[in-house]
Amino acid sequence: MAAAEQAQTVDTVVHARWIIPVVPAGKVYENCALAIHSGRILAILPSTEAERRYRADHVVRLEHHALIPGLINTHTHAAMTLLRGYADDRPLMEWLHEHIWPAEQRWVEPAFVADGSRLAIAEMLRSGTTTFSDQYFFPEASAQVARETGMRAQIAFPIIDAPTPWSRDGEDALQKGLALRDDYRAHERIDVVFAPHAPYTVGDATLEKIAVYAAEAQIPVQMHLHETAGEVERAVAQHGERPTERLHRLGLLTPQTLCVHMTAVSDLDLELLKENGAHVAHCPRSNMKLASGFCPTSKLLDNGINVALGTDGAASNNGLDMFTEANTAALLAKAVSGRADALPAQQALAMATIHGARALGIEDRTGSLEPGKQADLTALNLARLEQQPLHDPISQLVYTGGGHLVTDTWVAGRQLLANGQLTTINEAELLQRVRDWRARIAGQSV
């Protein structure tokens, strides 16, 4: 080999049967490789060419796999994995007021949040998610666990105008959250943002402060919004305006705003979302389980509104598998719209990847497999009987896939799941801690 043709040394080269970059939409590379160096994607090219051009410290060969961008869970309450199955089959407000909130007052502390977050991260990595946006108490604990495990996270600190396990009131939550943001200001994987809980738990004065901070420092905002038709009806009865109108009036409906749930959407809501460039996090399985309603995803997408996917917490889902969420979203959109061509597989996968990155304001870093972006990857083995025959790998991922097919995940080029084994989490130790929490919550001695 001539000097000019000498192979370049890189950190990792991953060869795969299919590489699905998501951007450009619908593109599928066959028998190609992805080169990674210093945590970023260097190139996607045919495997034969990659072997000539690159010498890698670590070579991974996935002969029966699809390699896709790591999935992005835009809304969850990670620590609530410790309340999975705790109070199932109850309406939202009964579930919250009579079961979940009392349990949180009794049990939620930094150790609960750390252990619950570690369990959630383990579950997400094992099912292909490499980025999550978390809204829960003691966000310092969830941020630390994300940092330790190598996960990419948006920590959305909760703001409520009432005492919580973490804060005295909205002002206290704001100050604690801003201090946490300062701690992680330079971190490459962890962002800290505002999360006013919901229109019915945060007053105008606090929301106005958040709007000022968000505008001045360009900080994203995430909020439960229009989770049920009843929420909207009560807001109109009490304040004479819909929650979207209120956020618009207060300057909080912007391109940095992620509206979580949006199951009750009028023509006015649609116009306000579109006019202000706000995003929507669709949590179909949680909304269905709590009978909260259906987000009109096709209508939103047809109007140019960015819709991403979230699982919500494991107490209301009850899992964190984003492939299951994408499948549910696609089927639900067809059922609600009465159109079989609504939300096709390609679009459902985009909602779980690049749409999520846009919703969190990190599309320059992740959400698609493009040179220059950080190497957040998920590999799935499509050789199983249930995936055969394989006419279209994107369709198979959404309609026959699931987290159980995931074998490997990388975040910023670091392999966090290798052939089904977690590399930064001690599974046996974690399971014991989870069993201890279950016994405490059940009132048993440990």
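Q: Which residues form one aromatic cluster?
A: Good place to start, keeping in mind that this is a predicted model. Rings of Phe, Tyr and Trp pair if their centres lie within 6.5 Å. The residues that form one aromatic cluster are Phe157, Trp166, Phe194 and Tyr213.

Q: Are the rings of phenylalanine 112 and tryptophan 437 stacked, tilted or edge-to-face?
A: The ring centres of phenylalanine 112 and tryptophan 437 are 5.3 Å apart, and their planes stand at 85°. Planes over 60 degrees apart count as edge-to-face. The pair is therefore edge-to-face.

Q: How many residues apart in sequence are the parts that phenylalanine 112 and tryptophan 437 tie together?
A: Phenylalanine 112 belongs to helix 3 (residues 110–126), while tryptophan 437 belongs to helix 16 (residues 427–441). The pair therefore links parts whose separation in sequence is 325 residues.

Q: Is phenylalanine 112 buried or exposed, and what about tryptophan 437?
A: Buried means under 20% relative accessible area. Phenylalanine 112 has 0% relative accessibility, and tryptophan 437 has 2%. Phenylalanine 112 therefore counts as buried, and tryptophan 437 likewise counts as buried.

Q: Which arginine lies over the face of tryptophan 437?
A: Look for a charge above the ring: one sits at 4.1 Å from the ring centre of tryptophan 437. The residue is arginine 440.

Q: Is histidine 77 buried or exposed?
A: Histidine 77 sits in the loop between strand 5 (71–76) and helix 2 (92–107). Beyond its sequence neighbours, its contacts include Asp134, Tyr136, His224 and Asp312. Its relative accessible area is 9%, so histidine 77 is buried.

Q: Which side chain does a polar contact of 2.8 Å join to that of aspartate 312?
A: Aspartate 312 is in the loop between strand 12 (307–309) and helix 12 (322–337), and at 5% relative accessibility it counts as buried. Among the residues it touches are His75, His77, Cys283 and Ser286. The side chain in the 2.8 Å polar contact is that of serine 286.

Terms used
Residues are numbered from 1 along each chain as its sequence is written. This is a predicted model: local features need pLDDT of at least 70, side-chain atom pairs count only at pLDDT 80 or more; totals for chains, interfaces and linings use all residues. Side-chain values use heavy atoms; hydrogens and water are left out. Helices (H or I, at least four residues) and strands (E, at least two) are DSSP runs, numbered from the N terminus. Buried means under 20% relative accessible area, exposed over 50%, partly exposed in between (1.4 Å probe, protein chains only). Contact means heavy atoms within 4.5 Å. A polar contact is a pair of N or O atoms within 3.5 Å; within protein, one must be able to donate a hydrogen and the other to accept it, and residues adjacent in sequence count only if both atoms are side-chain atoms. Rings of Phe, Tyr and Trp (its six-membered ring) pair if their centres lie within 6.5 Å; planes under 30 degrees apart count as stacked, over 60 as edge-to-face and the rest as tilted. A charge sits over a ring if NZ of Lys or CZ of Arg is within 6 Å of the ring centre and within 35 degrees of the ring normal. Lists of a residue's contacts leave out its neighbours within four places in sequence.
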